[in-house]
Structures are given as structure tokens and as C-alpha cells.
Amino acid sequence: MADADTLDDQARAILRGNDRGGYTVPTAGLYPYQWNWDSMFAAWGFSTFDVDRAWTEIETLFSAQWDTGMVPHIVFHKVDPGYFPGPDYWGAGRTPPSSGISQPPVAATLARRIFEADPEAGRARLGGLYPKLKGWHRWWRDCRCPTGVAVVTHPWESGRDNCPDWDVGMARVDGSNVGPYTRRDTGHVDPSMRPLKEDYDRYLAILQFGRACGYDQKEILARGPFLMADPAITFILLRAHRDLAWIGRELGEDTAEIEAWATDLEAALPYIWNDALQSYDARDVRTGTFANTLGSGAFLAWYCGLDRPAMEARLKAVWDGVRYGIPSSDPAAPSFDPRRYWRGPTWPVVNALIAMGFADAGRSADAERLRRETVALIEGAGFWEYYDPLDGTPCGGPDFTWTAAIWLAWASPNARGN
Ligand code: DGY
């Protein structure tokens, strides 16, 4: 078992090794481009030893921002045939080429953390990013909060692609006419750890709808094949609005508009409270149907300051049902699959966010337990994408950027506690 200093060295080497010059790939092979939220975690990790490189990572990501304000979920800086679907399939017609959907808006929250750790190095860089961040948050407000809470128009937009939260919405997507395609992910990783073909058929059907309408957001919201309210993104966005307002005040800006976005979002939360489940829950916006799932998404409630005693008991059973970290879905549910991507595995990066929420809520014992369990996974197997929460088996891609990053910024015994 490696000691903390050795693991710190390995984590820094992973970030450097996955650096492609101004941006970082999540892992070589499986994900050869710049991913939105992966990059923000990369920046957080870099900030522990190279703050200039941290700000550059964020600036490169925002250089791909659309004129609508959207920051895409993948930026295809250099074409790589080892990934599908690539820039031509997305057909978004942007420079630099990108996908046509977004990803969880952790940027303002992590930019604030990076800035607070070294305000002198960050002030001018943050000032340059602020209008871009605000433009992205306005896009979330206008294009992803049509009825109040945040919705996703594609499971990939949630970042938690195949979690059971989306099953009710995905069941209504017709994936039978997507035409021939060749997946690349299953050539890099054991297919039993990846989404199923029937998931990919539907992912591509939803993508094709967006591509056919030129990523017209009005059309996607009105008639897109998939539209689900996402508690995790809602919680992440709520915190991000507040952090962006904090950043704005720090820069001497008028932040009333951003504060109003946060107030409106908070007021909409009852829509995703599932009384029967006694938890926040994903919900199909087209039908009103709840997903009836418990998992890591709901655990992010604390991350935006929510504390519901009824939910606490439900979620404690989920956590206590596994040995390592918060599982991406309920181990007692029939859909639980401990090694298949978001259908059960624990993700160190999500654990880091959940622990941030625990710490801010004064739940230091929970924050420490989650850190300890995450450390055990990384000490035992190294820096993988995700892990089996029952026995700690490493899963997905190796030498993973965001796992290395959260090690440096949070999990390592040497982390400065930022
Ligand atoms: C993938 O390719 O698996 C990604 O999660 C899509 O963003």
C-alpha cells in the first residue's frame, strides 16, 4: 500500500501526463478530449501545485463557449478516431468543434475555491472569466430551468449517464432507428463496466434529434425525446449561483440578478421532492413521473445547504449498504449493478462534492468517513475512474485525471483542506 507522499507524486504525474497543452484529457484512450466538469476538477487538482496551469485549464474550457452562453460537455481540440461519437457525428458546427449539450456546472464553485486559496494569483484570471461564467449561468437559467428546477435534455448532460434515475425517461426514447455505428468505449474498457447497447441506441437517438434541429433549445425543450428534472444538477447549480454571486461581490460587481436566479431555483425545489420516497428524486418533466431512485444525486442536497431529516434516514441506509463511499445507486434496488458505470459504482469525484456539502453542513464525522473510504479505494488500487463500492475493485479507465485531482485537493492526508 502506497504512502500519502508517493500517492501525491503519482497524482501530480497523472495530471501532467494527461495534459495535452492547456487542457487535460480525463484518461488517455477512453476519453481523448476535454470534458467540461472533468476539466474543472483537473483545475482544482492543478491548483495545489501549479495555480497558473489551473486557471489556464478553465480558460481553455471557456474558449469553447457558444454565443448562446452554453459551455459544451466535450471540446474536440484534436480529432481522435478512438472516441465515438466525435465532432462530425455531433455536427454542432462550432470552432473549436464541440458537442451540443452541456455538463454539471461546477465551474463557479471550484473557481471560487481556487481563487480563495491564492487570491493574488487568481484575481485577474477570475475577472476575465466572470462574464463568461455569468453567461453560462444565464444559459442554465433560460435553457435548462424551464419550469424552475434544472433539467437535462440528454443523460450525458447529467454527467451520470446510465444511472437508474433516467430509466423512466429513457424508456420513452425510441432507439430503434439510429442506423449503424461502432462504439469505441468498449474497446478500451471491459464492456460489463460500461452502458448497454440499448442505452447507446437511445443516447444517439437523442443526439440526432438535437443535431437535426441545429441544437435549437426551444425545439429541444418543447419536443426533445428526453427531458428530466435532475436533483444533482439542481443542487450543483444552486450552489454555483451562490458562489458566482460571491465571486461577483468580490470583484465589485452588481450581483442582484444572480442572487435572484438562486432564489428562484430554491423556490422550485418542491417539484423534485418525492413524498412517497421521502427523498429528492429525478422526475420526467413530460409525464410528471418520479424515477423513484435513491443514489449519489440525492446526497448532493447538503452541497447546497439542504438538510431534510426524513431523507437522511433513507440515504443512510444507501451508504450503509456498501463498504466504500457513496454508491451511485441504491444497493437494495434491483437495478443495482456494482461495476456498471453509474448503476452502482462509487465515484471519488462525486464523493468529494458530497463531502464538501457534509463539511459545510457541520457534519464533520460524515465528511471524514467519506474521505477515509475514498482514501482506502485509492490506496488499495490507484487512481481509477470508479470502483465497486462493495469490494473496492477498480473500474473504468486508469490513471484518471479527476480521481488524481480530488486526491490532491481533498482526499490526501496532505491536502490543505480546500
Ligand atoms: C462517455 O463517452 O461515456 C461520456 O460519459 C459521454 O460524455
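Analyst: What follows is a reading of the aromatic contacts, with a short note on the cysteines at the end. The model is a predicted one, and it holds 36 aromatic pairs. In one of these, the ring centres of Phe235 and Tyr280 lie 5.3 Å apart with their planes at 85°, so the pair counts as edge-to-face, the term used for planes over 60 degrees apart. Phe235 belongs to helix H12 (residues 231-250) while Tyr280 belongs to strand S6 (residues 279-280), so this contact ties together parts that are 45 residues apart in sequence. Phe235 and Tyr280 are both buried.

Another pair has a stacked arrangement, because the rings of Trp347 and Tyr386 have centres 4.5 Å apart and planes at 20°. Here Trp347 sits in the loop between helix H15 (309-320) and helix H16 (348-360), and Tyr386 in strand S8 (residues 386-387), so the pair ties together parts that are 39 residues apart in sequence. Trp347 and Tyr386 are likewise both buried.

Arginines also lie over aromatic faces: Arg211 is placed over the face of Tyr89, 5.0 Å from the ring centre, and Arg283 over the face of Tyr271, at 4.3 Å from the ring centre.

As for the cysteines, the structure holds zero disulfides. Cys143 has its nearest cysteine sulfur, that of Cys145, 9.6 Å away, and Cys143 is buried, with a relative accessible area of 15%. For Cys163, the nearest cysteine sulfur is that of Cys395, at 16 Å, and Cys163 is also buried, at 1% relative accessibility.

Note on methods
Residues are numbered from 1 along each chain as its sequence is written. This is a predicted model: local features need pLDDT of at least 70, side-chain atom pairs count only at pLDDT 80 or more; totals for chains, interfaces and linings use all residues. Side-chain values use heavy atoms; hydrogens and water are left out. A disulfide is a pair of cysteine sulfur atoms within 2.5 Å. Buried means under 20% relative accessible area, exposed over 50%, partly exposed in between (1.4 Å probe, protein chains only). Rings of Phe, Tyr and Trp (its six-membered ring) pair if their centres lie within 6.5 Å; planes under 30 degrees apart count as stacked, over 60 as edge-to-face and the rest as tilted. Helices (H or I, at least four residues) and strands (E, at least two) are DSSP runs, numbered from the N terminus. A charge sits over a ring if NZ of Lys or CZ of Arg is within 6 Å of the ring centre and within 35 degrees of the ring normal.
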